[in-house]
Amino acid sequence: MCDRGPTAQDCIHRGRRLAKDWSKGLFRRSRFAPDNYRIVREVARGGMSIVHQGHRKSDNAIVAVKIIRPEFSQVAEQLEEIFDKGSEGEIAISLRHQNVVRTFDFGHKAGRYYIVMEFIDGPNLKQLIDGNNPRWSEHRLRIAIEAGRGLAYIHKHRLIHRDFCPKNILLAPDGTSRIIDFGLAIPAHLKQKWRWDRSGTAAYMSPEQVRGQKVDQRTDVYAYGVSMYEILTGRRPFPESRDKYRKMAVHLNIKPVSPRDYNRNIPVALEHILLRAMAKAPSQRYPSVEAMLKETLAVSSAFFGEGGRMPST
Ligand SMILES: Nc1ncnc2c1ncn2[C@@H]1O[C@H](COP(=O)(O)OP(=O)(O)O)[C@@H](O)[C@H]1O
Ligand SMILES: [Mg+2]
């Protein structure tokens, strides 16, 4: 019997043992938690991070714990060095506004970088738009205005977000918008000389960001224009492509499709606002989100009254 090969039963046992060892490894890895917090479950994966729901041990409060994937820790550190700026947590922790996610804590543990925030039990706006969810479609103008208020506050804090887009806006259970993700944010007035950098989300990047040139807050005016366009119409203003570079290139010389082609409920005056925000030259755009917001609010109340409820398409 000694020369008999492994039986089917042996193979099953061995397979089970291996699977157990493997899942133990995975379990250990997924159980990484900063001191003072317990990880409850994974909520979402971003481009550079994994976001979890967690418990703060001191008071058992529910929080969100964003852990930068190890392979991106270096990228984050390089950005800090290039721009001589603080880390994502350092930048976000001083922000307090009803339309900006609240950051409570940040740090390093075992070579991993984490940020602890208020937990928003709700999807990001991109998911709602793509799912044609009424939580977005019935409240689109209000959502866009609230996100703009958050962005104007960030600018008042002398920061440039550089990655404003519907994926980086969460809708809280009470329906209010919250801006997240300060991974690319930089101070508006850098002491350092500008170094070439082209990070951002391709579909929302301003022409100057695509070219890797120096940017100011008007790059966020552009991204706010593209995002507001998408929030109001459910579509993006430029031809879509799977290729990241093609997606970026459209910002340089392609004219946006008129938003009223997608949604006739958009007043002409609001269409003008969107197109001005998306002007190729920064000097042709609104000088600030605040100025753009002021005009948007005027159009909103003139056409849709106090509630600013634009009819669904
Ligand atoms: N405070 C939060 N509460 C709940 N979910 C969050 C929170 N922050 C982020 N998320 C979820 O995680 C996703 C990725 O977060 P984000 O900060 O954009 O990471 P990345 O920098 O990797 O893009 C978001 O789209 C959202 O679904
Ligand atoms: Mg993000």
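How many residues sit between β1 and β2 in their hairpin? There are 3. This is a predicted model, where local features need pLDDT of at least 70 and side-chain atom pairs count only at pLDDT 80 or more, while totals for chains, interfaces and linings use all residues. Residues are numbered from 1 along each chain as its sequence is written, with chains lettered from A and ligands numbered from 1 in the order in which they are written.

**The chain overall**

- The protein chain has 12 helices and 9 strands; these are DSSP runs numbered from the N terminus, with helices being H or I of at least four residues and strands E of at least two.
- Of its 313 residues, 36% are buried, meaning that 20 or more other C-beta atoms lie within 10 Å of a residue's own; 12 or fewer makes it exposed, anything in between partly exposed, and C-beta atoms are placed from the backbone.
- Take the contacts in the protein chain with a separation of 6 or more: 62% of them link residues 24 or more positions apart. A contact here is two residues whose C-beta atoms, placed from the backbone, lie within 7 Å.

**The five-stranded sheet**

- Reading across, the strands of this open sheet go β1-β2-β3-β5-β4, with antiparallel pairing; two strands pair if DSSP finds at least two bridges between them.
- At the edges are β1 (37–45) and β4 (103–109), each pairing on one side only.
- From one strand to the next, the twist averages 25°.
- Helix α2 (residues 70–83) packs on the sheet and touches β3 (62–68) and β5 (112–118), and its direction makes about 85° with that of β5. Axes are lines fitted to C-alpha atoms, for helices over the stretch in contact, and angles run from 0 to 180 degrees between N-to-C directions.

**Strand by strand**

- β1 runs antiparallel to β2 (residues 49–56), and 7 bridges join them; across that pair, Ala-44 stands opposite Val-51 in β2.
- β3 and β5 are also antiparallel, joined by 5 bridges, and Lys-66 has Ile-115 in β5 as its bridge partner.
- β4 and β5 share 6 bridges in the antiparallel sense, with Thr-103 opposite Met-117 in β5.
- The β4–β5 hairpin has 2 residues between its strands, and Ala-110 in the turn has a positive phi of about 50°.
- β5 is mostly covered, with 5 of its 7 residues buried.

**Around ligand 1**

- Ligand 1 has 21 residues around it, and the nearest are Ala-44, Gly-46, Val-51, Ala-64 and Asp-181. To be near, a residue needs its C-beta atom, placed from the backbone, within 6 Å of the molecule or strand in question.
- β1, β2, β3 and β5 are the elements that each give two or more residues to this shell.
- Ligand 1 lies between domain 1 (33–118) and domain 2 (125–304), because both give residues to its shell; the bounds come from an automatic or database domain assignment.

**Two loop residues with positive phi**

- Asp-181 is in the loop between β8 (177–179) and β9 (186–187), and its phi is near 70°, a positive value in a residue other than glycine.
- Asp-181 counts as buried because it has 27 C-beta neighbours inside 10 Å.
- Arg-158, in the loop between α6 (140–156) and β6 (159–160), has a positive phi of about 60° although it is not a glycine.
- Arg-158 counts as exposed, because it has 10 C-beta neighbours inside 10 Å.
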